[in-house]
Amino acid sequence: MTLDLSGRVAVVTGASRGIGYFIARELAAAGAHVIAVARTVGGLEELDDQIKADGRGQATLVPLDLADMAGIDRLGGAIHERWGKLDILVANASVLGVISPIGHVEAKTFEKVMTVNVTSTWRLIRSVDPLLRLSDAGRAIILSSNAAHSARAFWAPYAASKAAVETMMRSWAHETETLALRVNAADPGATRTAMRAQAMPGEDPETLPHPSEIAKRIVPLASPELKETGLIFQAKHNRFVAYRQPE
């Protein structure tokens with residue numbers, strides 16, 4: 001069934017490249033008005049041109065560094081003033097930091113990972129939660145990673161940040177489970193992105209799915225028909241999985 005998001009307003013962070021770029025395009029192609037957030041103005045302008053070329057949906061470009069917490073607050077206020085609600089949140093933006101033994105990670109690197117990946121996600125949730133509650137079918141998609149569970153060697157800052165955002169997502173989902181709002185995490189799996197190339201420089205990118213393919217799998221989580229909440233969507237396997245307590 002074709003996804004119809006006509007009349008819906010969506011925020012996508014990290015929208016200037018990679019998975020966020022293609023999620024923004026897919027949402028617009030389904031009819032949504034996309035509020036595209038990223039630091040890179042040129043990438044946002046390229047996205048806007050492509051959305052116009054695709055012929056459906058519209059975009060509002062928001063050049064914003066997500067380390068600017070007051071800027072995130074202003075974004076929520078601007079959305080309320082213009083649209084009076086928000087239907088879809090895709091919290092996609094994140095940074096890798098470094099692949100390094102945990103004892104060798106510089107404080108400024110660790111702090112940047114936590115600021116961009118965790119604190120800004122919380123601030124964004126705080127800013128738009130009231131707006132999502134005003135939608136008849138609010139949908140929140142928090143991008144995560146298998147690193148949150150594998151806790152592989154040398155990935156500690158990034159893994160810890162993704163574990164943190166998943167935990168916030170679960171608490172938020174429990175808080176809102178009696179509402180129309182549905183909140184889930186999405187694990188894209190290994191994807192042909194710049195971040196993946198940074199983490200795995202010797203890997204052949206042609207062996208990985210293109211971010212456009214992953215975006216097509218994730219965007220249905222924005223559907224007003226979605227019932228699931230508080231789960232992880234594994235894009236690689238195109239399925240939801242539930243959390244389990246330690247045994």
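Tutor: The largest pocket has a volume of about 1,300 Å³. This is a predicted model, in which local features need pLDDT of at least 70 and side-chain atom pairs count only at pLDDT 80 or more, while totals for chains, interfaces and linings use all residues. Residues are numbered from 1 along each chain as its sequence is written, and side-chain values use heavy atoms, with hydrogens and water left out.

A pocket here is an open set of points on a 1 Å grid over the protein atoms alone, with protein on both sides within 12 Å along at least five of seven lines; a cavity is a set where a 1.4 Å probe fits but cannot get out; lining residues have an atom within 4 Å of a point. Points are joined across faces, edges and corners, and a volume is the space filled by probe spheres set on them.

The lining of the largest pocket counts 50 residues. Ser-94, Tyr-158, Thr-193, Met-195 and Arg-196 lie nearest its centre. Two or more lining residues come from each of helix 1 (18-29), strand 2 (33-38), helix 4 (107-133), helix 5 (147-150), helix 6 (156-175), helix 7 (194-199) and helix 8 (211-218). Helix 7 gives the largest share, 5 residues. Helices (H or I, at least four residues) and strands (E, at least two) are DSSP runs, numbered from the N terminus. By class, the lining has 21 nonpolar, 18 polar and 11 charged residues. Nonpolar means Ala, Val, Leu, Ile, Met, Phe, Trp, Tyr, Cys and Pro; charged means Asp, Glu, Lys and Arg; the others, Gly among them, are polar.

The largest cavity has a volume of about 40 Å³. Its lining is Thr-13, Leu-66, Ala-91, Asn-92, Ala-93, Val-116, Ser-120, Thr-121 and Leu-124. Helix 4 supplies the largest share, 4 residues. The cavity lining divides into 5 nonpolar, 4 polar and no charged residues.

Gly-20 and Asn-92 are 72 residues apart in sequence, yet 6.0 Å apart in space, C-alpha to C-alpha. Neighbours within four places in sequence aside, Gly-20 is in contact with Val-12, Gly-14, Ala-15 and Asn-92; contact means heavy atoms within 4.5 Å. Gly-20 counts as buried because its relative accessibility is 1%. Buried means under 20% relative accessible area, exposed over 50%, and partly exposed in between (1.4 Å probe, protein chains only).

Helix 4 also holds Arg-126. Arg-126 is partly exposed, at 45% relative accessibility.

Next, the loops. Phe-154 sits between helix 5 and helix 6. Its phi is near 80°, a positive value in a residue other than glycine. Most residues other than glycine have a negative phi. Phe-154 is partly exposed, at 48% relative accessibility. Asn-238, in the loop between strand 7 (232-234) and strand 8 (239-241), also has a positive phi, about 55°.

Finally, the whole chain. It has 8 helices and 8 strands. Of its 247 residues, 51% count as buried. Among contacts between residues at least 6 apart in sequence, 71% join residues at least 24 apart.
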